[in-house]
Amino acid sequence: LQIWCWSCHNGAALLKMSSFPKEQDDSTSQMQKAFLDGIYKTISKPPYELLRMDDLSSSLPSLQDIQTAYTRFKQLFLIDNSTDFWATDVKWFSLLESTNWLEIIRRVLKKAIEVAECLEIQHTNVLLIEESATDLCCVISSLVQVMMDSYSRTKSGFQSLIQKEWVIGGHSFLDRCNHLHKSEKEEAPVFLLLLNCVWQLVQQYPPAFEFTETYLTVLSDSLYVPIFSTFFFNSQHQRDTNKSGESLKTQSGPFRFLTVWDWSVQFDPKALAFLNNPLYAEKPKPDRSQRKTARFKHQRQLSLPLTQAKPSTKRGFFREETDHLIKNILGKRIGKFINSSDEPPNSLREFYDSWHSKPVDYHGLLLPRIDGPEIKVWAQRYLRWIPEAQLHGGGTIATAAKILDLMEEVQSLQVKMDEEHSQAVSGDVHSVPLLRNSARLSSLFPFALLQRQSVKPALPTSTWKDLEDEDDLVKRDDEFVDLSGDML
């Protein structure tokens, strides 16, 4: 069964399907052959389309390889004391490379670029194939939509994307996260791999996203808090059964699970402000005439690409779409039009270099930079509980707090100007609301309150060993940093 994921603006469609069983008996094979023959007989000279089939099981690392790499990667951040931290710091980059986690992220991003190139430039349908189509298919299809659709880069759009591709799509959160600790063989950080890839895009193109890296960090934390129904079950049926109270009941009634999207359950309003990107370049809203045109165009995107529009009187819209799907995927001569999964490297490299040579359109296609050290460690998530790695003064969190204060001042001044213009009253001057008192924010905020600790300054190992007053620096507390000054 082929599942439609998304259609590009030019009509090229992104599809996914589970692969056929490798081992099956003769009766099943004959039944499958008879079914396909019956489908072929119903097709009379259909308009065949270009289609690229990509088996992700062979072109991307296996789930076992992903789990092994993440386990090694996670060990780098399980540090008990300062001595272990500075001993690890000497060989940090070599240990990081040996985990192979960043290389997996690079390969996944490269595969997403390949799919985007087929959809955007070649106008080719892409069919992603996997054993169950609920793991790596979800990662690639989600990444492609984040890269090509600006709506998926908003908070509501990203939430809808996760609900559609992962929750409704049948990703086995219960087994992959191993919430019940039943079997480690099924455990694999697939969803966390997606968040790591999206974080690469967020840190490379901040104005293109309505949410921040803090939003992704909070989302990754919620993945391993088994009180949210969003990331706790293996299927929608299992989720609906437990939420209706058929299997879990208490004395007061059915057990009620919370949804992860209600952030007010976890954070107060001050902390929630750090989930929104203050530098987001919001897409301008079109006028009414443009809205009508865009809405009609969006409806036609539901159809399969490159098919000739034929008037349908009695068959119905979705019946017509289903027929096109059968013709495109199950046609006799479709093998002649299936592209090889191994694209020439020059074509992909030309597409990659050509896009990066142009100015970035934050509401259009986004391609991640994957060369050299462009793939980075998600520091906020993995280094936040290591005091030696914290930035004095809060780092990006303190910068975001300052920007929010400045935005609050600008908005208050705008309100004051509008009031004075409307009332046209002189002499009655109202004072501008004072900003929040700038406090020292740790890079742990909003995940934990600030705790003053005596830590060794974050200096390079070679520089640290050259210092003579090592003991004095170790015993010295962090100096208070006043964030009320100009930080920009």
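Strand β2 (residues 13-18) is mostly tucked away, with 5 of its 6 residues buried (buried means under 20% relative accessible area, exposed means over 50%, and partly exposed lies in between, using a 1.4 Å probe and protein chains only). This is a predicted model, where local features need pLDDT of at least 70, side-chain atom pairs count only at pLDDT 80 or more, and totals for chains, interfaces and linings use all residues. Residues are numbered from 1 along each chain as its sequence is written, and side-chain values use heavy atoms, with hydrogens and water left out. Helices (H or I, at least four residues) and strands (E, at least two) are DSSP runs, numbered from the N terminus.

**Strand β2 and its partners**

- Strand β1 (residues 2-7) runs antiparallel to β2, and 5 bridges join them (two strands pair if DSSP finds at least two bridges between them).
- β1 and β2 make a hairpin with 5 residues between them.
- In the turn of that hairpin, G11 has a positive phi of about 100°.
- β2 also pairs with strand β4 (residues 125-130), this time running parallel, again through 5 bridges.
- M17 of β2 is a handy residue to look up: Q2 has M17 as its bridge partner in β2, and M17 has I129 as its bridge partner in β4.

**Helix α10 with α7**

- Helix α7 (residues 136-148) and helix α10 (residues 190-204) have axes that come within 9 Å and cross at roughly 20° (axes are lines fitted to C-alpha atoms, for helices over the stretch in contact, and angles run from 0 to 180 degrees between N-to-C directions).
- That angle makes α7 roughly parallel to α10 (angles under 35 degrees count as roughly parallel, over 145 as roughly antiparallel, 65 to 115 as roughly perpendicular and the rest as oblique).
- On the α7 side, the contact uses L136, V139, S142, L143, V146 and M147, while α10 brings V190, L194, C197, V198 and L201 (contact means heavy atoms within 4.5 Å).
- Sorted by class, this contact of α7 with α10 has 10 nonpolar, 1 polar and no charged residues (Ala, Val, Leu, Ile, Met, Phe, Trp, Tyr, Cys and Pro count as nonpolar, Asp, Glu, Lys and Arg as charged, and the others, Gly among them, as polar).

**Helix α10 with α8**

- Helix α8 (residues 155-167) packs with α10 at an angle of about 150°, their axes 13 Å apart, so the pair is roughly antiparallel.
- The crossing of α8 and α10 is right-handed.
- F158, I162 and W166 of α8 meet V190, F191, L194, L195 and V198 of α10.
- Class by class, the contact of α8 with α10 has 8 nonpolar, no polar and no charged residues.

**Two asparagines with positive phi**

- Most residues other than glycine have a negative phi.
- N100 has a positive phi of about 75° without being a glycine, and sits in the loop between α5 (92-99) and α6 (101-120).
- N100 is partly exposed, because its relative accessible area is 37%.
- N178, also not a glycine, has a positive phi of about 55° and is in the loop between α9 (173-176) and α10.
- N178 counts as buried, because its relative accessibility is 7%.

**S347 and its contacts**

- S347 belongs to helix α16 (residues 345-356) and counts as partly exposed at 26% relative accessibility.
- Leaving out residues up to four places away in sequence, S347 touches E117 and Q122.
- S347 and E117 are 230 residues apart along the chain, yet their C-alpha atoms are separated by 9.0 Å.

Methods:
Left-handed = near helix turned anticlockwise from the far one by under 90°.
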